[in-house]
Amino acid sequence: MDTKIKIFLVEDEIIIRQGIKKNINWQQEGFDFVGEASDGELAYPLIQNTKPDILITDIKMPFMDGLELSRLVKKELPDIKILVLSGYNEFEYAQEAINIGIADYLLKPITGAKLLEAVKKMAKIIEEDRQQKQFLLAYQKERAESGRLAKQKLFGRLISGEYAVSALLEEGREIGMELAANQYNLVLFQVFTAEGAENYSDERNQISARLEEIAEKTKQIIMIDRGALEGFVFLLKGSGEDSDGNLKKLLPQFLKNIEQAMREYPDAEYFGGAGVTVDRLSELKVCFAKASHAYAYRYLWERNQIVTGQTQSEQTMTDEKLSLGSLNVKQLEQNAIERFIATGLQKEIPDFVEEYFHSLGEQSIQSLLFRQYITMDAYITAAGTLEKLGYDSEVMVQECGDFNSMTDIVSSVSQTVSYLQHVLETAIRLRDAVSQKKYAQLLEYAKEYIRQNFKNEDISLNTAAASVNLSPNHFSTIFSQETGQTFVEYLTYVRMEKAKELLRNSTMKTSDIAFAVGYRDAHYFSYLFKKTQECTPREYRAK
């Protein structure tokens with residue numbers, strides 16, 4: 001036994017108690033004798049402190065008998081195994097013991113050998129239970145990463161509008177996402193920490209867990225982590241009735257809960273965009289388009305707000321009052337463009353440019369001089385960003401032309417919009433090319449980290465991500481995209497390859513090989529080996 005099973009004894013007859021305690025060499029038999037008491041009243045607080053795995057108790061005792069003690073203990077420690085000793089061979093005692101959940105019932109007098117035999121049977125059950133729990137924890141850890149990626153893929157299908165509803169519902173059930181509802185809405189949400197979106201951040205991990213906690217309080221909200229750059233999405237499901245389950249009530253309450261939770265992290269900022277309520281799963285594409293439109297304001301407006309249709313209407317009234325003379329154009333445009341080039345996505349460009357122009361005000365963009373200014377400013381900002389990434393200063397001229405053609409470019413609002421989109425598409429495409437090269441190097445570092453540390457049982461997605469200073473979810477996403485395997489799958493592959501090497505070239509026992517490749521539980525190692533290699537370690541060695 002890796003962790004000794006703890007024994008606690010309650011017996012009012014001191015001779016019997018001392019006999020049980022001393023006549024069995026508990027330590028030698030692999031047990032830890034953690035305490036004793038003469039009655040249930042004295043025993044209960046000691047049991048709360050020592051938390052034994054097996055309780056051996058007499059039934060008939062003063063102050064508090066064994067059955068009453070067993071009821072209390074079972075409530076406090078539901079997994080404890082209780083063995084009752086009694087000199088009263090009466091059916092009602094045994095029947096009540098069964099109702100309480102007592103594991104065994106032995107009549108006194110009893111020999112040490114018989115008691116030890118009964119305790120060992122219980123110990124075997126406890127070890128099997130522990131093993132099953134370890135398997136479950138390991139399985140859950142393995143599935144957590146692949147489950148997150150599966151949710152991402154399903155969400156992509158949901159908003160594409162290209163898949164049958166029946167297929168989407170079935171796929172959702174397979175990964176634990178119940179999608180059937182009478183109403184739907186989406187909230188896109190991003191967290192900004194001092195470390196930056198892509199970098200490893202304990203604070204972002206804490207915020208992610210806090211957001212998930214809020215979502216899980218109701219079965220009507222599903223949270224999907226889309227990675228550092230795209231943020232989180234919350235899928236809200238409504239009942240369609242005039243009740244608390246209606247999205248008219250659920251959505252504002254949910255947004256309020258998120259905003260309250262974010263106040264717990266004063267050093268972090270956030271921005272969200274909500275869609276419009278739709279009645280069909282097949283209409284989520286429309287809902288997502290509306291939510292994305294609102295979400296694009298995160299590059300233009302102040303942070304720490306969640307944009308809804310009402311928020312946009314209020315802002316529109318304000319924007320329409322803007323004029324060329326009232327704008328602080330240098331600060332407004334440069335910050336927005338620079339921010340978008342740094343973290344924006346290709347698919348967000350149309351929404352961003354539309355809202356960017358809208359934020360400048362209708363009067364301003366009708367001015368040819370003003371359009372020329374903002375176009376040149378965007379061009380120069382893009383060129384400066386690309387130079388910082390290592391590109392030659394001529395790259396923007398080659399990709400987007402030079403200022404000699406500026407008159408034609410800004411001759412109309414539509415042409416200005418089109419050209420600005422082209423500038424942003426170019427800048428982000430070239431930015432992503434640098435990122436891909438950087439990620440390729442980081443993934444090699446991460447793989448080397450795994451090869452050097454696979455023997456460590458505590459190696460995890462978080463530790464590997466931290467080794468290359470990426471957030472765990474962002475690391476997980478790019479790792480699976482670039483390698484075709486999840487982090488856990490790759491770690492398991494490395495461990496199994498080393499295990500096969502040891503099985504071929506050494507006489508080490510399977511349990512020792514398990515330990516040598518990072519598994520503390522030899523049974524779980526054997527289970528994984530058979531699952532991945534389609535044979536047991538023994539069979540592999542025999543080959």
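Predicted model: local features only at pLDDT ≥ 70, side-chain atom pairs only at ≥ 80, totals over all residues.
**Entry 1**

I then looked up glutamate 534. Its relative accessibility is 71%, so I recorded glutamate 534 as exposed. Glutamate 534 sits in the loop between H22 and helix H23 (537-542). Although glutamate 534 is not a glycine, its phi is positive, at about 65°.

I located phenylalanine 63 in the loop between strand S3 (54-58) and helix H3 (66-76). With 68% relative accessibility, phenylalanine 63 counts as exposed.

**Entry 2: Helices H20 and H22**

I examined helix H20 (residues 487-505) and helix H22 (residues 522-533), whose axes come within 11 Å and cross at roughly 100°. Angles of 65 to 115 degrees count as roughly perpendicular, and H20 and H22 are therefore roughly perpendicular to each other. On the side of H20, I listed Thr492, Met496, Ala499, Lys500 and Leu503 as the residues that make the contact. On the side of H22, I listed Phe525, Leu528, Phe529, Thr532 and Gln533. Sorted by class, this contact of H20 with H22 has six nonpolar, three polar and one charged residues.

**Entry 3: Helices H7 and H8**

I looked up a second pair, helix H7 (residues 202-216) and helix H8 (residues 247-262), whose axes are 10 Å apart and which pack at an angle of about 150°. Angles over 145 degrees count as roughly antiparallel, so I described H7 as roughly antiparallel to H8. I recorded the crossing of H7 and H8 as right-handed. H7 contributes Ile207, Arg210, Leu211 and Ile214 to the contact, and H8 contributes Phe254, Asn257, Ile258, Ala261 and Met262. I divided the residues of the contact of H7 with H8 into seven nonpolar, one polar and one charged.

**Entry 4: Salt bridges**

How many salt bridges does the structure hold? I found 20 salt bridges.

I looked up the bridge between the side chains of aspartate 129 and lysine 81, with an N to O distance of 3.8 Å. Aspartate 129 belongs to helix H5 (residues 112-158) and lysine 81 to strand S4 (residues 81-86), so this pair ties together parts that lie 48 residues apart in sequence. Aspartate 129 has a relative accessible area of 35% and is partly exposed.

I next noted the salt bridge between the side chains of arginine 303 and glutamate 269, at 3.1 Å from N to O. This pair links distant parts of the chain, 34 residues apart. I placed arginine 303 in the loop between helix H9 (284-295) and strand S10 (305-307), and glutamate 269 in strand S9 (residues 269-274). Arginine 303, with a relative accessible area of 24%, is partly exposed. Glutamate 269 is also partly exposed, with a relative accessible area of 32%.

I looked up a further bridge, in which the side chains of glutamate 178 and arginine 173 meet at 3.4 Å, N to O. Glutamate 178 counts as partly exposed at 35% relative accessibility, and arginine 173 counts as partly exposed at 45%.

Last, I recorded a network of salt bridges that links Arg17, Lys21 and Glu36.

Technical notes
Residues numbered from 1 in each chain as written. Heavy atoms only, no water. Axes fitted to C-alpha atoms, helices over the stretch in contact; angles between N-to-C directions. Helix = DSSP H or I, 4+ residues; strand = E, 2+ residues; numbered from the N terminus. Parallel < 35°, antiparallel > 145°, perpendicular 65-115°, else oblique. Contact = heavy atoms within 4.5 Å. Nonpolar A, V, L, I, M, F, W, Y, C, P; charged D, E, K, R; others polar. Salt bridge = Lys/Arg side-chain N within 4 Å of Asp/Glu carboxyl O. Buried < 20%, exposed > 50% of the residue type's maximum accessible area, 1.4 Å probe, protein only. Left-handed = near helix turned anticlockwise from the far one by under 90°.
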